[in-house]
Amino acid sequence: MPYEGSAGPEQRPGTEATRLLRHASELKQFSRRAFLTGAGSASVLATDMLLTQQIQAERRVHKILAVEDDFAQRYFPNASWFLFPGYKTSWEEAQWILNSLRGTLRERGQLAAVGYSNLGLDIDQLVIAVIEHVRARNLTTLYFYGHSFGGMVATQVAARLLELHGVEVEFIVLDSSPYSKFDVLDQSWFDGVVFLYERGFRVPSVLRGGYELGERVVHKNERTWRQILDQTLEQLTPIAPSSILIQSESAYIYHFDATRFAGRIGDARMAYIGNPRDQTVNYETAHQSWARTFAANMASSDLKTEGALPAHASPGWNPFVYRPILARLQDEIFPLPGGGGKMTPY
């Protein structure tokens with residue numbers, strides 16, 4: 001019998017050495033797998049964080065995003081459209097809208113979208129970005145497309161360009177643009193966002209994304225389920241407008257006074273297009289108010305985007321609804337030389 005303190009079979013030196021070697025081998029294999037898995041995961045995470053940081057750093061300023069088009073640059077070297085995106089519209093979505101309308105808009109000018117800064121909407125900085133783009137490209141003819149609340153911004157920027165730089169905008173399209181905060185149908189939510197923003201509270205992105213999903217589901221008759229999913233997921237990605245930008249846009253709408261710019265946009269022609277089924281902006285009060293205040297500039301206020309889904313300001317989703325309307329406006333207000341309304345690149 002082994003005496004006290006002697007080694008049993010499982011404790012003999014040879015057996016112990018074998019056991020340690022086996023464990024070392026298993027540990028080596030495990031560590032290698034764990035290391036490779038961990039390194040791979042860390043690389044993906046680091047790349048994602050770097051990409052996110054780059055995107056966020058780039059979007060700290062207002063920027064003009066040119067959508068290059070050889071035909072427009074060749075035939076209209078000194079004319080350009082500027083798209084002023086709507087509420088919560090990302091830089092990518094703004095360019096997508098322009099690309100959707102490219103075949104029609106390029107018949108009068110080049111294409112550019114305005115990218116709003118994630119640090120918040122600043123009209124002074126926006127005017128600087130626009131005028132620098134105008135001068136860099138020697139533009140003499142400007143057309144503005146106001147997408148939803150972007151119509152408010154487009155009108156103010158047009159007034160400031162004329163006042164500060166003597167640059168007059170030729171045409172402003174108001175696509176489902178509210179005339180004032182009273183045209184926004186969801187007043188209770190709208191008031192709350194502005195109240196929090198002006199008291200320094202910034203809404204976390206995840207909370208905002210969850211709310212927006214609920215808001216879209218409530219108004220699901222305006223969108224397909226695919227549109228609901230796509231729009232909600234975009235708000236949770238690095239390319240989404242920041243909460244600060246969205247809250248500043250809300251405050252801008254809340255305090256916007258269109259009467260300040262009546263008579264200050266020179267001879268710019270205006271046109272309002274919208275949808276009577278719009279459940280975001282009151283179509284009737286909005287288009288009537290714009291037409292009344294800017295009577296001297298309004299060339300058209302009764303063209304409807306019926307059949308579009310969503311009903312509110314959705315040219316990207318419904319280009320075949322919007323293109324004929326925009327083509328008609330261009331042909332009527334700015335007919336091409338020789339009486340033709342179309343140009344074909346050869």
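This is a predicted model: local features need pLDDT of at least 70, side-chain atom pairs count only at pLDDT 80 or more; totals for chains, interfaces and linings use all residues.
**Strand 3 and its partners**

I began with Phe82, which stands opposite Ala112 in strand 3. From there I followed the chain from strand 2 through helix 3 (residues 91–105) to strand 3, a β-α-β crossover that is right-handed. Right-handed here means that, with the strands pointing away from the viewer, the path from the first strand over the helix to the second runs clockwise. Helices (H or I, at least four residues) and strands (E, at least two) are DSSP runs numbered from the N terminus.

Residues are numbered from 1 along each chain as its sequence is written, and side-chain values use heavy atoms, with hydrogens and water left out.

Next I looked up the pairing, which takes at least two DSSP bridges between two strands. Strand 2 (residues 79–84) runs parallel to strand 3, with four bridges joining them. Strand 1 (residues 63–67) pairs with strand 3 in the antiparallel sense over five bridges, and Leu65 stands opposite Ala113 there.

Which way do the residues of strand 3 point? I found Gln110, Ala112 and Val114 on one side and Leu111, Ala113 and Gly115 on the other, all of them buried. In a regular strand, side chains alternate between the two faces of the sheet. Buried means under 20% relative accessible area, exposed over 50%, and partly exposed in between (1.4 Å probe, protein chains only). Since six of the six residues of strand 3 (residues 110–115) are buried, the strand is largely enclosed by the rest of the structure.

**Two loop residues**

I then checked Arg137, in the loop between helix 4 (123–136) and strand 4 (141–147). Arg137 is partly exposed, at 28% relative accessibility.

Is Ser177 buried or exposed? Ser177 is buried, at a relative accessible area of 0%, and sits in the loop between strand 5 (171–175) and helix 6 (187–197). I saw its side chain reach the backbone oxygen of Ser148 at 2.7 Å. Leaving aside neighbours within four places in sequence, the contacts of Ser177 include Tyr272, Val281 and Trp290.

**Whole protein**

To finish, I noted 11 helices and seven strands. Of the 346 residues, 48% count as buried.

How values were computed
A polar contact is a pair of N or O atoms within 3.5 Å; within protein, one must be able to donate a hydrogen and the other to accept it, and residues adjacent in sequence count only if both atoms are side-chain atoms. Contact means heavy atoms within 4.5 Å.
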